[in-house]
Amino acid sequence: MGGVRRVLTGIGRALRARRGLFVGVAAAVLALDILVPVAVLSIARVPVDYFTVNPWLARLPGYLASGKGSLAERLGRVWELALFWFSADGVFGIDWGFAVTTADLARFIFMAALVGAYFALWAHRRDRTGAAGWRTRASGQGGMLGAVGSVCGLATGGCTVMGCGAPMIPVVGLAFVGLSSTTLTLFAQVSTYATLAVIGGLTAGVICLAWRIGDPR
C-alpha cells in the first residue's frame, strides 16, 4: 500500500502544479481522436457532409431504469451504443460513416487523461529537479510519441466505421477501399495489440514518474 500511496501522491502533486497543462493536453488529444478519422476519410474519400447525435440518448435514463433484460444486459448494450456519428454521401448512397460508441469514447477519454498525466508529471519533475539532458528529452519524446500514436491511430486508433467493410480498424486503414477481409482483419488485430502496447507503455511511464515525484525526500 505504501507504493500505491506514493504513486498517487506523485500524481496529485503534478496535477495540482500543472493542472492547466494536463487539461490542455488531454482536451487536445480527445478532440483529435475524434476529428482525425473524419479528416482522413474526408481527404482520402469523400468530404464529410453530415453529423448528428443519437436522438435515442434522450430515452437512455428510462431504458437503464426499466428496459428489457437484466441490468447487466442493458449496460452491455449501452456500452456498444453509438453516441454520435459523421458521414458522407456518395454516388450510390452513404460512402462512409464514422460513429463513436460509448466504448470508443471511454477509450479516447482514458488515453487523453493518460497522455495528459504523463506530460504533467514530466513537466513537474523537470521543473522540480532542474533535470536536463538526454533522459529528460527522451521522456518528453516518449510522451509525444504516445500522444501522436493515440491521435493518428498508428498505435491505438481502433474506431467504428461504416462503409469500409470492417467494424474496427485503425485510422491509417480508413483511407483504403476494396481491401480484402483478411487485410482488414489484420488491420484490426494490429490496432488492438498496438492499443494495449501504448496503454501499457504510457501507464508504466506515469507510474515511474509519479513514483519519483512522490518520494518524500
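Here is a quick walk through the side-chain contacts in this predicted model.

Residues are numbered from 1 along each chain as its sequence is written, and side-chain values use heavy atoms, with hydrogens and water left out. Because the model is predicted, local features need pLDDT of at least 70 and side-chain atom pairs count only at pLDDT 80 or more, while totals for chains, interfaces and linings use all residues.

Let's start with charges. Searching the whole structure turns up 1 salt bridge (a side-chain nitrogen of Lys or Arg within 4 Å of a carboxyl oxygen of Asp or Glu). The partners are Asp 104 and Arg 107, at 3.5 Å from N to O. Both sit in helix H5 (residues 102-129), 3 residues apart, or about one turn of the helix. Helices here are DSSP runs of H or I with at least four residues, and strands are E runs of at least two, numbered from the N terminus. Asp 104 and Arg 107 are both buried (under 20% relative accessible area; exposed is over 50% and partly exposed is in between, with a 1.4 Å probe and protein chains only).

Next, the nonpolar cores, meaning sets of buried Ala, Val, Leu, Ile, Met, Phe, Trp, Tyr and Cys residues joined through side-chain atoms within 4.5 Å. The largest has 21 residues, and Val 115, Leu 121 and Leu 202 have the most contacts inside it. Helices H1 (2-17), H2 (19-44), H5 and H7 (181-213) each give two or more residues to this core. H5 gives the most, with 9 residues. A second, separate core has 12 residues, including Ile 34, Val 38, Phe 84 and Ala 88.

Now the rings. There are 7 aromatic pairs, counting Phe, Tyr and Trp (its six-membered ring) with centres within 6.5 Å; planes under 30 degrees apart are stacked, over 60 edge-to-face and the rest tilted. Two of them look like this:

| Pair | Centre to centre | Angle between planes | Type |
|---|---|---|---|
| Phe 51 and Phe 86 | 4.8 Å | 40 degrees | tilted |
| Phe 119 and Trp 122 | 6.4 Å | 90 degrees | edge-to-face |

Phe 51 in strand S1 (residues 50-53) and Phe 86 in strand S2 (residues 82-90) are 35 residues apart, so this pair links distant parts of the chain. Phe 51 is partly exposed at 44% relative accessible area, whereas Phe 86 is buried at 11%. Phe 51, Phe 84, Phe 86 and Phe 98 form one aromatic cluster. Phe 119 and Trp 122 are both buried.

Finally, the charged end of Arg 126 sits over the ring of Trp 122, 4.8 Å from its centre (the rule is NZ of Lys or CZ of Arg within 6 Å of the ring centre and within 35 degrees of the ring normal). Arg 6 lies over the face of Trp 211, at 3.8 Å from the ring centre.
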